[in-house]
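Thanks for coming. Please have the sequence and the structure open while I talk.

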Amino acid sequence: MSRTLSACLLALLVAVSCTGPVQNGRETIPLVNSIAGNAGSPEHIMLSSFAKIPSSGSIFVAGSPQLCSLIGDSFQDCDDFDNVRARLFSDGLKDFSGETVALASDEAFAPYGDYVTSEGSAAMREVTVRTALAALREKCNISIYDIEGNKSKTPAKIIILADPWMLLCGKFDVDTLFSLTSCKVPVVSPLELLMESALAGEKKYFNIGLMCDSLYIGTGVYKSVFEEKVAEHSIMGTGYFEAATSGSEGHILAEFLDKYMASGNPAPLDVLLVDDWSVNKQALMAELSDIRDFKKEESMRYGKMISPGFTIFCSSELTMHECYLTMRKLSLFTHRIALPELKFYTIKPLPGGKTQEFLLIPSENV
């Protein structure tokens, strides 16, 4: 082979490698290609510096204000593990003791369903990528007048993209960007954990119910993610039903099953996926226990609507467990003797026009 031909082939390979990977026919967005293809850009340099994750970092949570508040409470209250051996056993010590949880409440683009409707999925994908970049920066904005960003903040050591729209429109791009720049910071989607709990692994659930906040009903976000995951795992013959959380505590599962019955589906549910952080799983399990008790009226009304192996998964519990076990595996705990600390930030639009860029401001300065 001639030197000229060899040089041409090498140039072609380099050009292809800079366009970003294509997985299952899916391409990433221009912003990811731009950063990944320019090793000298500030973003690429920053991402590459996280080839080793500092344990001093924060747990960064991004989503709507209400969702961030609920997730912050979960991190502060969580005590599911024995912190010595990581067994599922409460030991009286908060699982995330000594950790800082940075809550980025999005007032620029949330509710994301409205934003996707008005701006399109490409815009939302870019917002999600820019959110992940903001999580890793050492600077944020002092106020809405500080466009450059002059206030120090702790970079993230784990990122939670809390909203379901962030999984559908953007997590793929974040994962692609991190892979191309050797950034090892884990990125967690509560909804992805929820879907994987039902569709991955040896045990599969084929008739699936999903409970969520009424804000998402009718948007199609959950059904779209469900269909993507079903295709990804090559599962055939699945059923899917979603409904908004309703009813008082002690009757939430019953209300959901009433709605399922009214839908006319005769097949019993195999699993209930709960993507609502305000729902108490223990209360749901108590309801389920009553339904399985043949001495109680609930068993006659609802018993035939659930399969013998009916299971409940909650994204809140799955997320806490995923973060805890990931941080333990990667030695990311600070080991400081202190209660979990919450730091609050607000995402505000960048002044001067419509763009996917934004300001990340400590909430006390907004």
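Predicted model: local features only at pLDDT ≥ 70, side-chain atom pairs only at ≥ 80, totals over all residues.

Residues are numbered from 1 along each chain as its sequence is written, and side-chain values use heavy atoms, with hydrogens and water left out.

Helices are DSSP runs of H or I of at least four residues, strands are runs of E of at least two, and both are numbered from the N terminus.

First, the helix pair. Helix H11 covers residues 252-262 and helix H12 residues 281-291; their axes come within 8 Å and cross at roughly 65°. Axes here are lines fitted to C-alpha atoms, for helices over the stretch in contact, with angles from 0 to 180 degrees between N-to-C directions. From H11, the contact uses Ile252, Leu253, Ala254 and Leu257; from H12, it uses Leu284, Glu287, Leu288 and Ile291. Contact means heavy atoms within 4.5 Å.

After H11 comes Gly264, with a positive phi near 85°.

Now the sheet. Six strands form an open sheet in the order S8-S7-S3-S4-S13-S14, with mixed pairing. Two strands pair if DSSP finds at least two bridges between them. Strand S8 (187-188) and strand S14 (358-362) are the edges, each pairing on one side only. Strand S4 (residues 100-106) runs parallel to strand S13 (residues 341-349), paired over seven bridges. Which residue of S13 is the bridge partner of Val101? That is Leu342.
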